[in-house]
Amino acid sequence: MVDIKCKTISDIIFQFRKEKNLTYAELEELTGVGITVLHKIETGATKRPEFKTLKAIATALPSHYTEIVKCYIEEEDRVEPLFEILREVISLKNDLAPVVALRLLQSPQRSTEDSLQRLFYFTESISDDPLRASLYTVIVQYSRERGVPYYVAKGLLQKYLIERNDLRRLEETFLLGQEITYYVDFLSTEEKITFYFRMALHAHNIKKYNECIKLCEEGLPLEKKDTELKARVYLSMINSLLRLRNYDAVEKHLDIFEKMENEHVVIPSLHIRALIKARKKEYDVAIPILRKYLDEFSRDDRLHIADELLEIYFEIGDLESFAEILEKEDEFLPEQPKTPQKYMALGKYYRHKGVYQLCIGLIDEGIQSFVNSLQAFEKVGAFQKRDECINVLLSILSIVGTKDDSFKTMIKKIAKTFQLDVTYENT
């Protein structure tokens with residue numbers, strides 16, 4: 001096959017005809033484009049054909065589609081044809097979309113702000129998230145170069161809202177969100193609320209509790225309605241304060257939280273008041289309340305309560321009650337976790353279960369529970385928790401003192417699966 005290295009559409013057509021030994025009549029039959037038009041394009045008499053003509057040629061020469069479009073947009077600077085090309089490459093899922101988008105922004109027919117606005121609104125209508133993110137990247141980069149912070153802010157926000165959904169990249173996408181703080185003044189009030197609320201939840205999910213509190217303090221005063229999202233964000237702030245052991249602040253904000261006019265307030269506030277008792281080690285009060293809630297709350301809320309009870313029972317050495325919780329797992333384990341919090345809670349649950357099983361001699365079952373825990377942490381990129389989990393497993397097996405080589409083999413398999421640098425030592 002002839003190696004095609006061309007800079008113009010006329011080169012592509014000429015070399016394709018030469019390669020396939022085609023007449024103009026045969027090329028007309030292949031493309032549906034008339035002989036006269038093909039001849040003018042090949043000879044260079046027509047340097048900028050209509051896009052419908054280009055599309056017919058490019059479709060007939062699929063192996064050269066990308067090259068033809070690239071050649072075409074180098075010569076084309078009209079806005080409407082470029083938008084037509086952008087729609088075309090998007091419909092074909094061709095990776096040229098960012099290239100065409102940049103060419104659109106460079107068109108001298110529109111001002112920079114007008115071009116950015118139109119491309120931004122167009123990008124909002126695209127359903128393919130990775131493609132939308134790539135176009136927002138173009139918008140952000142071009143806006144930086146041209147000194148248009150308004151679209152830097154809007155583009156970064158939309159890109160962040162897409163990429164934060166990748167549960168394995170939560171730490172990385174949080175950094176992207178932090179960049180928006182430098183441009184937040186260019187966002188509308190609604191956009192600011194979205195930014196602060198989503199970032200606050202994000203910070204809580206990756207255990208950046210101080211950052212979560214600060215983001216909540218910025219965003220909560222902006223939202224005047226008691227929406228479900230506002231309730232979730234307020235709860236993330238309270239949970240962060242709880243994690244930081246600032247119990248006075250927790251109780252102060254709980255008093256405010258409980259006055260919100262939202263159906264999603266009652267159960268979390270009851271749960272947190274019980275957790276305060278547990279954190280203060282007032283177990284005689286906390287345990288009955290948590291056991292009651294484990295039976296009464298919806299399935300979606302029970303896993304976190306079960307984790308709390310398991311931690312308490314483990315600390316006080318009540319293995320009988322610990323086992324009772326494990327026997328109820330069909331009543332509270334989520335069928336399909338969807339949020340980072342659920343995956344983290346699931347990872348904790350299986351780690352608790354694995355510890356218990358290993359300690360009572362159920363080695364195979366215990367190892368499987370640890371594998372389930374590792375998989376849950378992996379789903380949300382909680383690699384530190386994953387590493388802690390495998391080290392707990394190795395430590396317990398070492399204490400148990402098993403000498404069965406099959407367990408060593410299983411440990412090596414787990415380490416290889418999760419790409420962990422660990423060794424098994426029997427003491």
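**Entry 1: Ser107**

I looked up Ser107 and found it in the loop between helix 7 (97-106) and helix 8 (112-124). I note that this is a predicted model. Is Ser107 buried or exposed? Its relative accessibility is 3%, and buried means under 20%, so Ser107 counts as buried. I then listed what Ser107 touches, leaving aside its neighbours within four places in sequence. Ser107 is in contact with Asp77 and Val79.

**Entry 2: helix 10 and helix 11**

Two packed helices are described by the angle between their axes and the distance between the axes. I looked up both values for helix 10 (residues 149-163) and helix 11 (residues 170-180). Their axes come within 9 Å and cross at roughly 160°. Angles over 145 degrees count as roughly antiparallel, and helix 10 and helix 11 are therefore roughly antiparallel to each other. I recorded their crossing as left-handed.

Which residues make the contact? On helix 10 they are Leu156, Leu157, Lys159, Tyr160 and Glu163. On helix 11 they are Thr173, Leu176, Gly177, Glu179 and Ile180. I sorted the residues of this contact by kind: five are nonpolar, two are polar and three are charged.

**Entry 3: nonpolar cores**

I looked up the largest nonpolar core and found that it has 63 residues. Which residues have the most contacts inside it? They are Phe195, Val250, Phe257 and Leu358. Another core, of 50 residues, lies apart from the largest one. I noted some of its members, among them Ile57, Tyr65, Leu116 and Leu135.

Terms used:
Residues numbered from 1 in each chain as written. Predicted model: local features only at pLDDT ≥ 70, side-chain atom pairs only at ≥ 80, totals over all residues. Heavy atoms only, no water. Helix = DSSP H or I, 4+ residues; strand = E, 2+ residues; numbered from the N terminus. Buried < 20%, exposed > 50% of the residue type's maximum accessible area, 1.4 Å probe, protein only. Contact = heavy atoms within 4.5 Å. Axes fitted to C-alpha atoms, helices over the stretch in contact; angles between N-to-C directions. Parallel < 35°, antiparallel > 145°, perpendicular 65-115°, else oblique. Left-handed = near helix turned anticlockwise from the far one by under 90°. Nonpolar A, V, L, I, M, F, W, Y, C, P; charged D, E, K, R; others polar. Core = buried A, V, L, I, M, F, W, Y, C linked by side-chain atoms within 4.5 Å.
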